[in-house]
Amino acid sequence: MELTEEILCSSAPLAAMYVCPDCRTLLVDFACPTCRSTYDVRDGIPILLPSDPRFKAATDIAATYDSIYRGHSDVWQNQGRTPQFLEYFASVLGQLPCTRFLEVGCGEGLLLGRLVKGEKFAIDLSIEALKQARMTASASLSVALAERLPFRSAQFDLIASVGVMEHFLDIDEATSEICRVLRPGGHYVALTHINLTLWERLRQKVSDYVLPWPQPGRFVRWLRARLAHRASAELVKQPIQNRYTIREAKAGLERHSLSVVDVLHTRRSPRPPLDPWVVVYVARRGAGR
Ligand SMILES: [Zn+2]
C-alpha cells in the first residue's frame, strides 16, 4: 500500500488534517509551531486564513459574502442551482473514485449534502455559509482561501468547485493549490460560468432552436431562464467576477498538472441540465507537480 493510501485510510483526528495556510506546518491545537500563528475556531468552525499580505483582501471579501448569506437563505438556488442540476452534478461526482472529498467554496452545502461517498471536507470564505452548510451536510468545514488551502499535500482523491473558479483572487495560485492537495490520479471537477465567443453563441442558438427542426417552445423556456438568471445576478453581486472563454478556462486548468478528460455542456447529447453559459470540466491530476 502506498503512503498516500495509508493516510487516506487512517482515522486520524480531524484537527490533524489542517496545516498552517502560510507555511504548511501541521497545526497543533490550531496553532502553527513554525510561524507561531494561532487560528480562531468560531462557532465550532476553524478560521484558517493566511496572514500573507497579498491575500489581505480575503477578509473584506469574506465579510461581503457573510452579508450576502445573512441576507439570503437560498443563494445557491438564486444562482440557478435547481434540484435537477444538483442531482446531475452529484451523479457526475458519484462516478469518480472517492475516499476523501473536498469542495472548494461549498456555500450553503447543497451539493455536499447530496454526496454519499467518502469522508467530506469543505471550505468557504463565509462562516455564515458554513453555518448553513453544517445543517445540510456532515462534513469537516473551515473558513479558508483556495489560494492557500490548509491541507497537507495529496490528501484528496476528488475535489469539486461549482461556480467558484471565476471568483478566485488568483486563478493560478488557486489551481496550483488544488493540484497540490489532490493526489496523483485524483480528479478535480470544476463548473464555471463562461463567456461564449460570438461563434459559440451562434452555434449554440442554431443547435438549440433551429436544427434539426425549429423549437419555439424551447426558445421561450430559455428566455425565461435567462431573465431569471439576470434577476438573480442582480440580487447576489459577488466581489470578484472574472469571465473566461471555454478555451481560457481549460487552459487555466492545464497550466498545472491537470489534464481535462471531459467537458460537459449543453451541446452534449443527451443534453445535461446545465445553463448554456456554464461548462463543467472533469480534470485528472497527472503524476508531476
Ligand atoms: Zn506556519
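Let's start with the sheet: seven strands form an open sheet in the order 5-4-3-6-7-9-8, with mixed pairing; two strands pair if DSSP finds at least two bridges between them. Strands here are DSSP runs of E, at least two residues, and helices are runs of H or I, at least four, numbered from the N terminus. At the edges sit strand 5 (140-143) and strand 8 (258-264), each pairing on one side only. From one strand to the next, the twist averages 20°; angles run from 0 to 180 degrees between N-to-C directions, with axes fitted to C-alpha atoms, for helices over the stretch in contact.

Do keep in mind that this is a predicted model: local features need pLDDT of at least 70, side-chain atom pairs count only at pLDDT 80 or more, and totals for chains, interfaces and linings use all residues. Residues are numbered from 1 along each chain as its sequence is written.

Strand 3 (residues 100-104) and strand 6 (residues 156-162) run parallel, joined by three bridges, and L102 has I159 as its bridge partner in strand 6. Helix 7 (residues 171-181) packs on the sheet, touching strands 3, 6, 7, 8 and 9, where contact means C-beta atoms, placed from the backbone, within 7 Å. The direction of helix 7 makes about 145° with that of strand 7.

Finally, helix 2. A58, A62, Y65, I68 and Y69 are buried there, that is, 20 or more other C-beta atoms lie within 10 Å of their own, against 12 or fewer for exposed residues.

Technical notes: Two residues are in contact if their C-beta atoms, placed from the backbone, lie within 7 Å.
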